[in-house]
Amino acid sequence: MTREEKKQIRLQITKLLDTHCSSCRERNESRNSLCLTTCPIGKQMRQLSSMLEQDHISEGTKRTGKWTNEEELYLWHHQHILTINQLAEELNRDKKSIYNKLWRLKKKGGIQHVS
């Protein structure tokens with residue numbers, strides 16, 4: 001899978017989060033994984049993320065270096081849905097890298113750019 005294809009999948013997931021999940025009362029009240037197991041939008045996101053996951057498994061190496069805007073958006077929007085381990089798997093990054101990036105994003109008040 002090319003970088004552009006991966007980017008398009010991440011953008012689709014982000015768009016679903018922005019258009020459906022940000023105003024979802026269930027997600028905002030419970031902050032648990034119910035939305036990933038019962039919600040049709042959550043199922044769509046799981047299907048999309050599984051495409052990325054399969055590609056990560058085939059690559060076998062962890063991503064390092066500068067974070068893309070899409071990675072930061074995904075991380076920010078999924079921090080209350082997925083565990084650090086799951087985020088590390090989805091983004092193909094080390095757990096420590098995920099933790100450190102979340103810490104830095106929280107320290108600066110969240111996502112500062114819009115793409």
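Colleague: Why does Glu 4 count as partly exposed?

Modeller: Because its relative accessibility is 44%, Glu 4 counts as partly exposed; buried means under 20% relative accessible area, exposed over 50%, and partly exposed in between, with a 1.4 Å probe and protein chains only. This is a predicted model, in which local features need pLDDT of at least 70 and side-chain atom pairs count only at pLDDT 80 or more, while totals for chains, interfaces and linings use all residues. Residues are numbered from 1 along each chain as its sequence is written, and side-chain values use heavy atoms, leaving out hydrogens and water.

Colleague: In which helix is Glu 4 found?

Modeller: Helices are DSSP runs (H or I, at least four residues), numbered from the N terminus, and Glu 4 belongs to helix H1, residues 3-21.

Colleague: Which residues touch the most other members of the largest nonpolar core?

Modeller: A nonpolar core is a set of buried Ala, Val, Leu, Ile, Met, Phe, Trp, Tyr and Cys residues joined through side-chain atoms within 4.5 Å; here the largest has 20 residues, and Ile 13, Met 45, Leu 75, Leu 87 and Ile 98 touch the most other members. The largest share of this core, five residues, is given by H1.

Colleague: Is H5 mostly covered or mostly open?

Modeller: H5 is mostly covered, with seven of its ten residues buried, among them Tyr 74, Leu 75 and His 78.

Colleague: Which residue lies over the face of Trp 67?

Modeller: A charge sits over a ring if NZ of Lys or CZ of Arg is within 6 Å of the ring centre and within 35 degrees of the ring normal; Arg 93 lies over the face of Trp 67, at 4.2 Å from the ring centre.

Note on methods: Helix = DSSP H or I, 4+ residues; strand = E, 2+ residues; numbered from the N terminus.
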